[in-house]
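This briefing sets out the computed features of one protein model. The sequence and the structure are shown first, and the points follow by topic.

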Amino acid sequence: VNITGFRSYREVTSIDSFSPRHNVIVGRNGSGKSNFFFGMLFELVEAAEVRVVRQVGQKKDQYYIDGKMVPRAEVVNLMESAGFSRSNPYYIVKQGKINELATAPDSHRLKLLREVAGTRVYDERKEESLKILKETNSKTKKIETLLSYIDERLKTLEEEKEDLKEYQKWDKMKRSIEYTIYDTEANETRKKLERLLDQREELSTRQTKV
């Protein structure tokens, strides 16, 4: 398998000595494993020659691949899979462009080299990744703050729970004492009432005899 000018395989890359049974592709992240398989799929699935047509309309353009109408995004993906990236528009250099580039400032030429080498897209992805990382760190801090608040709240509730247990303990004791006092007073009152009834009955008996 020879790959060149396809995605991350800009230089000629040759791979041989395939096993007739099973083959395993290993490598670090970003080393080109996925692009290797995309290249094989592109060669096996896509036609060796692809006819791309753009039909310009008054309101909307239409795109065709081998006579089949497709969305614009599919055409863009096809071109990028073949190595034609939107971030590198210098496949055709117009007249006067070389002189303009030769006299351009160093910063402009450096930017151009990045575009031609196709590294600008990685710079953009790096900036996007840093932005996502920053947002993730911000969300992580918010989550940590929330977890800290929850921990403090749980401690407070645990203390309140212990206070509630202590309150229930003393309230039970209070009710027990109040019941004891009430029962004692009720017994004394009942005895007094019985004595009064006995005295009344005795007095009534005396009056009857008289």
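**Briefing on the predicted model**

Asn 35 counts as buried, at 16% relative accessibility; buried means under 20% relative accessible area, exposed over 50%, and partly exposed in between (1.4 Å probe, protein chains only). This is a predicted model, in which local features need pLDDT of at least 70 and side-chain atom pairs count only at pLDDT 80 or more, while totals for chains, interfaces and linings use all residues. Residues are numbered from 1 along each chain as its sequence is written, and side-chain values use heavy atoms, with hydrogens and water left out.

**Overall architecture**

- The protein has five helices and five strands; helices (H or I, at least four residues) and strands (E, at least two) are DSSP runs, numbered from the N terminus.
- Read from the N terminus on, the order of these elements is β-β-α-β-β-β-α-α-α-α.
- Of the 210 residues of the protein, 11% count as buried.
- Among the contacts with a separation of 6 or more, 35% come from residues 24 or more positions apart; contact means heavy atoms within 4.5 Å.
- The protein has an accessible surface of about 18900 Å², and 54% of that surface belongs to carbon and sulfur atoms; accessible areas come from the Shrake-Rupley method with a 1.4 Å probe, and for residues only the protein chains shown count as cover.

**Surroundings of Asn 35**

- Asn 35 belongs to helix 1, which covers residues 33-45.
- Apart from its neighbours within four places in sequence, Asn 35 is in contact with Phe 6, Arg 7, Ser 8 and Tyr 9.

**Salt bridges**

- Side chains of opposite charge can pair when their charged atoms come close.
- The model has three salt bridges, a salt bridge being a side-chain nitrogen of Lys or Arg within 4 Å of a carboxyl oxygen of Asp or Glu.
- Arg 54 and Asp 61 form a salt bridge in which the closest N and O atoms are 2.7 Å apart; Arg 54 is exposed, with a relative accessible area of 53%.
- Asp 171 and Arg 175 form a salt bridge with their closest N and O atoms 2.9 Å apart. Both residues lie in helix 5, four residues apart, which is about one turn of the helix.
- Within this pair, Arg 175 is exposed at a relative accessible area of 55%, whereas Asp 171 is partly exposed at 22%.
- Lys 174 and Glu 178 form a salt bridge whose closest N and O atoms are 4.0 Å apart. About one helical turn separates Glu 178 and Lys 174, because they are four residues apart in helix 5.
- Glu 178 counts as partly exposed at 43% relative accessibility, and Lys 174 is partly exposed with a relative accessible area of 47%.

**Surface patches**

- Patches are made of residues with over 30% relative accessible area and no salt bridge; like charges are joined within 9 Å, and nonpolar side chains (Val, Leu, Ile, Met, Phe, Trp, Tyr) within 5 Å.
- A patch of positive charge on the surface brings together Arg 190, Lys 191, Lys 192 and Arg 195. Lys and Arg count as positive and Asp and Glu as negative, while His and the chain ends are not counted; the place of a charge is taken as NZ of Lys, CZ of Arg, CG of Asp or CD of Glu.
- Lys 192 lies in helix 5, which covers residues 120-209.
- A nonpolar surface patch is formed by Ile 143, Leu 146, Leu 147, Tyr 149, Ile 150, Leu 154 and Leu 157, with about 680 Å² of accessible area together.
- Leu 157 is found in helix 5 and counts as partly exposed, at 37% relative accessibility.
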